[in-house]
Amino acid sequence: LCRRKCRRRFYHRGALNQTAINDIQPNSIEIYSYGRTICVKQAEPNDIKIYDNLGQLVAHVSSCRQEEQITIGKNGAYLVSVGTTARMVMLK
């Protein structure tokens, strides 16, 4: 009896072709740096928040343009958050 219960597989008609993963959308946000400038290119206007390595908010730009350049005064590693996307950048 136990062997039969363990071997049972439960399928629903049409369930074999369905997955829980939605279509993957390419990320339409580019985040990069050069010198002491952080550049963000995006398709839709989102808030940009930049944090230093201690977690302190260094810069905040709300409802920015599609292409934004933000100059930071110090070298180091920064976390750039744009909408639901976050990237680490190094400023040298």
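The model you are looking at is predicted, so local features need a pLDDT of at least 70 and side-chain atom pairs count only at pLDDT 80 or more, while totals for chains, interfaces and linings use all residues. Residues are numbered from 1 along each chain as its sequence is written, and side-chain values use heavy atoms, with hydrogens and water left out.

Now step back to the whole protein. Its secondary structure comes to one helix and seven strands, and from the N terminus on the elements run α-β-β-β-β-β-β-β. Helices (H or I, at least four residues) and strands (E, at least two) are DSSP runs, numbered from the N terminus. How confident is the predictor in the protein? The mean pLDDT, which is the predictor's confidence in each residue from 0 to 100, is 79, and 71% of the residues reach 70 or more. Confidence is lowest in helix H1 (residues 2–7), at a mean of 52, and highest in E3, at 95.

Let's follow E5 into its sheet. Strands of a sheet pair through backbone hydrogen bonds, either parallel or antiparallel. Two strands are said to pair here if DSSP finds at least two bridges between them. E5 belongs to an open sheet of three strands in the order E1-E2-E5, with antiparallel pairing. E1 and E5 stand at the edges with a single partner strand each, so one side of each is left without a neighbour in the sheet. Neighbouring strands of this sheet are turned by 15° against each other on average, direction ignored; the axes behind this value are lines fitted to C-alpha atoms, for helices over the stretch in contact, and angles run from 0 to 180 degrees between N-to-C directions.

Strand E2 (residues 37–42) joins E5 in the antiparallel sense over five bridges, and E1 and E2 pair in the antiparallel sense over six bridges. In the hairpin of E1 and E2, two residues lie between the strands, and Gly35 takes a positive phi near 60°.

Is Thr37 buried or exposed? Thr37 is buried, because its relative accessible area is 12% and buried means under 20%, with exposed over 50% and partly exposed in between (1.4 Å probe, protein chains only). Leaving aside neighbours within four places in sequence, Thr37 is in contact with Tyr32, Gln69, Ile70, Thr71 and Leu91, where contact means heavy atoms within 4.5 Å.

The other sheet to explore is an open one of four strands, with the order E4-E3-E6-E7 and antiparallel pairing. Strand E4 (57–61) and E7 stand at its edges with a single partner strand each, so one side of each is left without a neighbour in the sheet. The twist averages 20° from one strand to the next. Strand E3 (residues 48–51) and E4 pair in the antiparallel sense over four bridges, and Ile50 has Ala59 as its bridge partner in E4.

Ile50 also leads us to the largest nonpolar core. Such a core is a set of buried Ala, Val, Leu, Ile, Met, Phe, Trp, Tyr and Cys residues joined through side-chain atoms within 4.5 Å. Of its 15 residues, Ile38, Val40, Ile48, Ile50, Ile72 and Val80 touch the most other members. Strand E1 (29–34), E2, E3, E6 and E7 are the elements that give two or more residues to this core, and the largest share, three residues, comes from E6. Not counting residues up to four places away in sequence, Ile50 touches several residues, including Ile38, Ile70, Ile72 and Val80.

Our last stop is Gly83, in the loop between strand E6 (76–82) and strand E7 (85–91). At 45% relative accessibility, Gly83 counts as partly exposed. Beyond its neighbours within four places in sequence, Gly83 is in contact with Asn46 and Asp47. Across the protein, 47% of the contacts between residues at least 6 apart in sequence join residues at least 24 apart.
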